[in-house]
Amino acid sequence: MSIQYPYVLHRLHVPVATQDARGNFVTDEPAWIVVSACRNEAGRQRKFSKEDGSYLQATHLIHCPKGVPPLQAGERVRVLEADGTIRLEGEVIFASKDRFHTRLWL
């Protein structure tokens, strides 16, 4: 039997620094947060143009179910297999919320 979304997508949460009562900056450690179940396809080449006229080359496409919290370009994500092995890690180049699913290009 085939599973539509066999992997787990995580995003890296980097906390914002705050100042304590003495004026010292305090930050928590960055942490990986579970976003959704997903599947990924390697070798899905696509170019995205930037405002300055240069291009970004995406090499991976991640599919997630409808209703996934929004992810922005530049966010760090990773895809884990069921046993916890890292399958893919990278930076989001482009995100698209479609009618039936969400797509991320890395």
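From the N terminus on, the elements of the protein run β-β-β-β-β-β-β-β-β, that is, nine strands and zero helices; both kinds of element are DSSP runs numbered from the N terminus, helices being H or I of at least four residues and strands E of at least two. The model is predicted, so local features need pLDDT of at least 70 and side-chain atom pairs count only at pLDDT 80 or more, while totals for chains, interfaces and linings use all residues. Residues are numbered from 1 along each chain as its sequence is written, and side-chain values use heavy atoms, with hydrogens and water left out.

**Overall dimensions and surface**

- The radius of gyration of the protein is 16 Å, whereas a compact globule of 106 residues would have a value near 13 Å; the radius is taken over C-alpha atoms, and the globule rule is 2.2 Å times the number of residues to the power 0.38.
- Along the principal axes, the C-alpha atoms fill a box of roughly 55 × 40 × 25 Å.
- The accessible surface comes to about 7,200 Å², and carbon and sulfur atoms account for 50% of this area; accessible areas come from the Shrake-Rupley method with a 1.4 Å probe, and for residues only the protein chains shown count as cover.
- Of the 106 residues, 30% count as buried (buried means under 20% relative accessible area, exposed over 50%, partly exposed in between, with a 1.4 Å probe and protein chains only).
- Among contacts between residues at least 6 apart in sequence, 52% join residues at least 24 apart, a contact meaning heavy atoms within 4.5 Å.

**Strand pairing around β9**

- Strand β9 (residues 101-105) pairs with strand β5 (residues 55-65) in the antiparallel sense over five bridges; two strands pair if DSSP finds at least two bridges between them.
- In this pairing, tryptophan 105 of β9 stands opposite leucine 61.
- Strand β8 (residues 94-97) also runs antiparallel to β9, and four bridges join the two.
- Leucine 104 in β9 is the bridge partner of alanine 95.
- A hairpin is formed by β8 and β9, with three residues between them.

**Aromatic pair**

- The count comes to one aromatic pair, under the rule that rings of Phe, Tyr and Trp (its six-membered ring) pair if their centres lie within 6.5 Å, with planes under 30 degrees apart counted as stacked, over 60 as edge-to-face and the rest as tilted.
- Phenylalanine 94 and tryptophan 105 make up this tilted pair, at 5.6 Å centre to centre and 45 degrees between the planes.
- Because phenylalanine 94 lies in strand β8 and tryptophan 105 in strand β9, the pair ties together parts that are eleven residues apart in sequence.
- Tryptophan 105 is buried at a relative accessible area of 4%, whereas phenylalanine 94 is partly exposed at 36%.

**Salt bridges**

- The structure holds five salt bridges, each defined as a side-chain nitrogen of Lys or Arg within 4 Å of a carboxyl oxygen of Asp or Glu.
- One of them joins glutamate 89 and arginine 76, at 3.6 Å from N to O.
- This pair links distant parts of the chain, with glutamate 89 in strand β7 (residues 86-91) and arginine 76 in strand β6 (residues 76-80), 13 residues apart.
- Glutamate 89 is partly exposed at 37% relative accessibility, and arginine 76 is partly exposed at 34%.
- Arginine 87 forms a salt bridge with glutamate 81, the closest N and O atoms lying 3.6 Å apart; arginine 87 is partly exposed at 37%, as is glutamate 81 at 29%.
- In the salt bridge between arginine 39 and glutamate 41, the closest N and O atoms are 4.0 Å apart; arginine 39 is partly exposed at 26%, and glutamate 41 is partly exposed at 22%.
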